[in-house]
Amino acid sequence: MRFLITAGPTREPIDPVRYISNRSSGKMGYAIAEAALAEGHDVTLISGPVNLEAPHDANLISVSTSDEMFEAVHRHADQCNVCVLCAAVADYKPANVSSTKIKKRGANFSLELIPARDILDSLGHRQERQFVLVGFAAETDHLEENATKKLRAKNCDIIVANDVSGKNSGMESDVNEVTILFRDGEKKKISRAQKQIIARELVKIFSNFTTKMFDKKNVTIN
Ligand code: C5P
């Protein structure tokens, strides 16, 4: 089976030396890539800037901005059977990027932000998509309710919800605890464990779901 996995943060430039980013380490996405490779799947890993070594057998595509990630994902999605969008892509980016370093002045300074392109949403609404689409939802409150809304709004097949309100799960951490929500309302929980262990479970769940969906449509995975 061919997996496309996005991981890590994006960087949205303000000027040549500054950017807006977030605390995503890329650990969850990289662990999913490793686990998929270990199961014998092909992996295209589209990664934002992270301090992790890429899995050897993955086809690694390094990007920096949300626009670069958008282009790379759309270029590769159709060749894949399952797209797992685990990256913490920026929701907003600066309206204008200064070509010179913005000088320090005494006065307040405000930055106008505009919405970044939503990659998950754009894939979900792509006409006649053939691949299974998995999104992630990092939430600090009303986890399942918000994740379910996202699943419907972005038209994906599966959402993996994780609570990032605690100190020791979710972003930057080595451990995680997730709830997997399916389109038909089915729900599975994976209790607190190392991201590698969670990743193995997730890959099994994604590949079983993909096989079933392709069987139903009478499509053979090659
Ligand atoms: O709506 P929210 O950003 O919380 O949704 C999270 C999901 O959407 C994640 O799967 C993330 O990878 C994806 N996302 C995206 N493009 C964005 C923002 C989020 O693909 N610009």
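**Close-up 1. Asp-67 pairs with Lys-93 in a salt bridge, with 2.8 Å between the closest N and O atoms.** Asp-67 sits in helix α2 (residues 66-76) and Lys-93 in strand β7, so this contact ties together parts that are 26 residues apart in sequence. Asp-67 is partly exposed at 24% relative accessibility, while Lys-93, at 18%, counts as buried. Keep in mind that this is a predicted model.

**Close-up 2. Arg-126 and Asp-78 form a salt bridge, their closest N and O atoms being 2.5 Å apart.** Here it's loop to loop: Arg-126 is in the one between α3 and β9, Asp-78 in the one between α2 and β6 (82-85), so the pair links parts 48 residues apart in sequence. Asp-78 is exposed, with a relative accessible area of 52%. Back to the pair from the opening view: salt bridges with shared partners join Asp-67, Glu-71, Lys-93 and Arg-117 into one network.

**Close-up 3. Asp-15 makes a salt bridge with Arg-18, and the closest N and O atoms are 2.4 Å apart.** Asp-15 is buried, at 3% relative accessible area; Arg-18 is partly exposed, at 34%. For the whole structure, the salt bridge count is 15.

**Close-up 4. Lys-101, Lys-103, Lys-104 and Arg-105 make up a positive surface patch.** One of its members, Arg-105, belongs to the loop between β7 (92-94) and β8 (113-115). With 66% relative accessibility, Arg-105 counts as exposed.

**Close-up 5. Tyr-92, Phe-109, Leu-111 and Leu-113 form a nonpolar surface patch of about 410 Å².** Tyr-92 is located in strand β7. Its relative accessibility is 48%, so Tyr-92 counts as partly exposed.

**Close-up 6. Phe-131 is found in the loop between α3 (119-124) and β9 (132-139).** Ile-32 is 99 residues away from Phe-131 along the chain, and the C-alpha atoms of the two are separated by 17 Å.

Notes:
Residues numbered from 1 in each chain as written. Predicted model: local features only at pLDDT ≥ 70, side-chain atom pairs only at ≥ 80, totals over all residues. Heavy atoms only, no water. Patch = residues over 30% accessible without salt bridge, like charges linked within 9 Å, V, L, I, M, F, W, Y side chains within 5 Å. Areas by Shrake-Rupley, 256 points an atom, 1.4 Å probe, with all protein chains shown as cover. Salt bridge = Lys/Arg side-chain N within 4 Å of Asp/Glu carboxyl O. Lys, Arg positive; Asp, Glu negative; His and termini not counted. Charge placed at Lys NZ, Arg CZ, Asp CG, Glu CD. Helix = DSSP H or I, 4+ residues; strand = E, 2+ residues; numbered from the N terminus. Buried < 20%, exposed > 50% of the residue type's maximum accessible area, 1.4 Å probe, protein only.
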